[in-house]
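Good morning, and thank you for coming.

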Amino acid sequence: MIKILLFLITITHSFLGFSQENLTLTYVGNMGVYISSDQASFLIDGLHTQYGEDYLFPDKKLVHKIKTILKPDAILFTHYHGDHFSKELSANYLQLNKETFLVGTSQVTSNFEEFDDRVITITTKDYTKQSHNLKNLKITGLKINHAGKRHISVENVGYIVNIANKNILHVGDTNWLEEIQLFDQLKLVSESIDIAILPYWMLMDTQASGLIEKYIQPKHVVATHISPRIKKEELQSLKSRFPKVYFLTALEQHIQL
């Protein structure tokens, strides 16, 4: 009888542990994702406004939902471009949610001096990983160069967020940039990445599968920043090449992992 009771307790704990580790990813446009568990939540690049016909953005209803219902514990930004970041929406969110932290580069955080005690700056002088424990989140930021020579002055950072014992990687607007050996310097394989959130153009490289395995080795890949005007055949071609990749294309699209 005692053995049976101990077995049932073990099974119950296993199920409870499993349920606590479930994550929900909700798409909020471009590279914006809201990620939540039973214990914590965060939003990356999720407060931004209309930027052009090639971009999705959260409408007023979704922004209101973020502010009043989802209420992430931390809002993170990879860089200051308008398809990733809105100063006005972010300041309004911090005003309404007094215990929320904002994390970003100096080009982002310099806009929020009045919230100084809740603002964390990730430096981009080198590729050093910088970790911060915020509530039930461990947030690690690091420089990841922005794609495109015309954006060389843009401070772009990636994040590795540990939530519910899973490591989530978000790289912002980058590319493989092998000419500067970017991913060799990042050393992401040692981070045990569970979910890698990548801009879809990184999958368009003919060597993408090998590069993902060489430099990241994630258990799951999520593709974002897909233009609403992408040709159906182009998107279908990518889906055919990467049948196990999750492609985010619709606002409030959910993935559970």
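Let me begin with a term. A pocket here is an open set of grid points where a 1.4 Å probe fits, with protein on both sides within 12 Å along at least five of seven lines. Please bear in mind that this is a predicted model.

With that in place, the largest pocket holds about 340 Å³ of space. Which residues lie nearest its centre? They are Asn 145, His 146, Ile 152, Leu 177 and Ile 180, out of 15 residues in the lining. Sorted by class, that lining comprises 7 polar, 4 nonpolar and 4 charged residues.

I turn now to helix 2, which spans residues 60-70. Its buried residues are Leu 62, Val 63, Ile 66, Lys 67 and Leu 70. Viewed down the helix axis, these buried residues fall within an arc of 135°, and therefore they line one face of helix 2. Lys 60, Lys 61 and Ile 69, on the other side of the helix, are exposed. What covers the buried residues? The cover includes three strands, namely strand 1 (24-29), strand 2 (32-36) and strand 3 (41-44), together with helix 3 (87-96). Just after helix 2 comes Lys 71, with a positive phi of about 40°.

Thr 140 belongs to strand 8, residues 137-143. Is Thr 140 buried or exposed? Its relative accessibility is 7%, and buried means under 20%, so Thr 140 counts as buried. The side chain of Thr 140 makes a polar contact of 2.7 Å with the side chain of Ser 131. Setting aside neighbours within four places in sequence, Thr 140 is in contact with Lys 129, Gln 130 and Ser 131, and also with Gly 158, Tyr 159 and Ile 160.

The second residue is Val 161, in strand 9, residues 157-163. Val 161 has a relative accessibility of 0%, and so it too counts as buried. Which residues does Val 161 touch, not counting those up to four places away in sequence? They are Phe 42, Leu 76, Leu 137, Lys 138, Ile 139, Lys 166, Asn 167 and Ile 168. Finally, Val 161 and Lys 244 are 83 residues apart along the chain, and their C-alpha atoms are separated by 22 Å.

Thank you for your attention.

Key. Residues numbered from 1 in each chain as written. Predicted model: local features only at pLDDT ≥ 70, side-chain atom pairs only at ≥ 80, totals over all residues. Heavy atoms only, no water. 1 Å grid on protein atoms, 1.4 Å probe; cavity = no way out; pocket = protein on both sides within 12 Å on 5 of 7 lines; lining within 4 Å. Points joined across faces, edges and corners; volume = space filled by probe spheres on them. Nonpolar A, V, L, I, M, F, W, Y, C, P; charged D, E, K, R; others polar. Buried < 20%, exposed > 50% of the residue type's maximum accessible area, 1.4 Å probe, protein only. Helix = DSSP H or I, 4+ residues; strand = E, 2+ residues; numbered from the N terminus. Arc of directions from axis to C-beta. Contact = heavy atoms within 4.5 Å. Polar contact = N/O pair within 3.5 Å; in protein donor to acceptor, adjacent residues only side chain to side chain.
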